[in-house]
Amino acid sequence: MIDCLSSIPLQASFALHSRVLDQAGLLFRLAFSNERQYRTMPTHGIGKYKHLLPKEAPKKKKERQQMKQIKTATDAEYGTLNVKVSGYDMILVEHYSQYIHNLCNRLGVKVAESYALPTKSTEVMVMPEQGTKMYVDAILKTHERIVQLSQLNATLCPTFMEVLLKNQPEGIQLSVKLHTEADYQARFKARPELEGLMAQMT
Amino acid sequence: MAAPCSRMANRPLWQFITNVRRTGLKHTGVRQISLSSACRAATQTRSKTEGVASPWKLYGAVCLQRLPVISQERNPIEDQFAELMHQMELERSLLSDHEQRLLEDSERMTRKQADNYDSDEEEADYGGQETITAQDQEDSWEQKLKHFQPALRDRDVGGTPLGSVERCLGDSLVLLVQQTVGKETIWLLPQAQWEAGETLRQTAERGLNSLPEADFKATFLGNTPCGVYRYKFPKEVQTECCVGAKVFFFKAFLSAGSASQKEPFLWVKKTELQGYLKPPYLEKVDRFILNL
């Protein structure tokens with residue numbers, strides 16, 4: 001008695017379960033194949049959402065890095081300037097370059113780029129008084145950071161430079177130069193095979 | 001007022017390269033600044049504008065500053081905070097290469113002294129021992145440190161005279177000279193009268209160069225003046241064509257100074273300016289001297 005009573009809801013549930021499974025199976029099949037539901041079916045177009053999203057431009061392949069235009073100086077503004085911060089202590093160098101960047105943001109000077117040049121290692125060799133062989137005493141690493149400014153106002157320039165100079169930490173060298181194409185090209189690594197092939201061609 | 005300012009706006013900018021080094025306490029006590037003008041556009045000389053000369057006499061003055069050579073002393077609070085941060089960073093930091101080498105060497109030593117030391121195995125692993133261990137290096141560095149004598153931070157112990165450039169190494173100092181203006185001799189920033197045919201910046205440079213017994217190499221940072229001070233002459237001196245004078249100030253930094261410490265010069269901090277300059281003059285000058 002109890003068995004058949006319990007078996008009925010089981011069967012009903014089984015039947016219901018199977019119908020749900022069927023529909024699930026139908027949708028599953030449709031999702032993975034190219035069958036479309038018939039247009040008169042009330043569920044036609046269920047699950048379509050692409051038409052609701054905003055149109056996005058077709059994805060372009062990433063173009064090769066081009067150099068940004070180097071601006072020339074006009075009467076009231078300087079062109080592209082490179083402020084180079086270099087020193088042995090990386091913490092001070094980084095903090096100072098960050099300070100310069102933040103100062104420019106605050107003063108309204110546009111910062112075109114802010115990048116780091118590769119670290120240069122210098123070996124300090126010491127020669128003892130007796131003997132001729134030199135041995136390595138220490139390795140000093142020179143770190144360099146560059147902040148590129150694009151439109152520095154001529155009236156703002158003296159004040160800006162003064163603030164920079166007065167806040168310069170010890171052991172840090174500051175240098176302000178015009179940005180040239182040679183500077184830009186110096187950032188890239190040399191490709192010996194390519195150069196060899198080009199030499200062969202010409 | 002119209003003549004010099006608009007002329008300055010017309011002159012094309014000089015593109016410049018500055019290279020500033022701050023490496024250590026040099027003998028001159030002055031930061032080296034080198035400046036080279038990469039390209040000088042042709043200076044256009046405008047034809048004289050006619051007519052009515054303005055009733056104001058024009059002067060160009062230079063505010064020559066010596067930048068601080070060493071960093072300033074820290075407050076007690078700053079000191080405490082710096083120590084705290086240092087401690088925190090030390091506790092959070094990882095071991096560096098050198099420290100790892102030290103640990104490895106000490107472990108190797110303990111293994112060597114153990115009874116079941118197998119030297120062949122060790123050699124195979126490490127490929128021959130190095131002659132200098134990290135501990136030896138540390139010891140030699142400590143020895144060198146003992147020999148190193150840092151220079152005194154403050155050479156002011158004896159009380160250097162006010163005219164010396166190496167006065168307060170932690171602050172920036174301004175140059176003051178004593179000049180006769182009208183009938184009185186007062187302290188002011190070095191100035192010279194503007195002559196026709198030159199920019200105000202050249203006037204300021206001339207004022208600096210014409211100081212007697214002085215040999216200051218200054219670097220001007222730009223063509224724009226940083227401040228202006230105008231005053232009227234007292235009634236008896238006023239004539240039709242000169243009612244008063246206007247002084248335009250330019251900022252410059254000392255790149256290589258001479259050590260002449262004659263009386264006419266004073267190098268003062270911003271806080272000490274009050275004792276030397278007249279109040280209305282001081283008011284205008286105060287505005288553009290930064291106290292960083």
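**Figure 1. A:Met127 lies in a loop between two strands of chain A.** The loop runs between strand E2 (111–126) and strand E3 (135–149). Strands (E, at least two residues) and helices (H or I, at least four) are DSSP runs, numbered from the N terminus. A:Met127 belongs to a nonpolar surface patch with A:Met125, A:Met134, A:Val136 and A:Ile139. Together these residues have about 470 Å² of accessible area. Areas come from the Shrake-Rupley method with a 1.4 Å probe; for residues, only the protein chains shown count as cover. Patch residues have over 30% relative accessible area and no salt bridge; nonpolar side chains (Val, Leu, Ile, Met, Phe, Trp, Tyr) are joined within 5 Å, like charges within 9 Å. A salt bridge is a side-chain nitrogen of Lys or Arg within 4 Å of a carboxyl oxygen of Asp or Glu. This is a predicted model: local features need pLDDT of at least 70, side-chain atom pairs count only at pLDDT 80 or more, and totals for chains, interfaces and linings use all residues. Side-chain values use heavy atoms, without hydrogens and water; residues are numbered from 1 along each chain as its sequence is written, and chains are lettered from A and ligands numbered from 1 in the order written.

**Figure 2. B:Cys63 and B:Cys226 are in no disulfide.** The structure holds 0 disulfides over all chains (cysteine sulfur pairs within 2.5 Å). For B:Cys63, the nearest cysteine sulfur is that of B:Cys226, 6.1 Å away. B:Cys63 counts as buried because its relative accessibility is 0%. B:Cys226 sits at 32%, so this residue counts as partly exposed. Buried means under 20% relative accessible area, exposed over 50%, partly exposed in between (1.4 Å probe, protein chains only).

**Figure 3. Chain B has 7 helices and 10 strands.** Of its 292 residues, 34% count as buried. Chain B exposes about 18,400 Å², with 53% supplied by carbon and sulfur atoms. Contacts are heavy atoms within 4.5 Å. Among chain B contacts between residues at least 6 apart in sequence, 73% join residues at least 24 apart.

**Figure 4. Confidence in chain B is lowest in helix H1 and highest in helix H2.** The score is pLDDT, the predictor's confidence in each residue, from 0 to 100. Helix H1 (residues 2–10) has a mean of 37, and helix H2 (residues 76–92) is at 95. Residues 1–18 have pLDDT below 50, yet this stretch has 63 contacts beyond near neighbours in sequence. Residues 23–28 are also below 50, with 12 such contacts. The chain B mean is 73, and 68% of its residues reach 70 or more. The model scores ipTM 0.73 and pTM 0.71.
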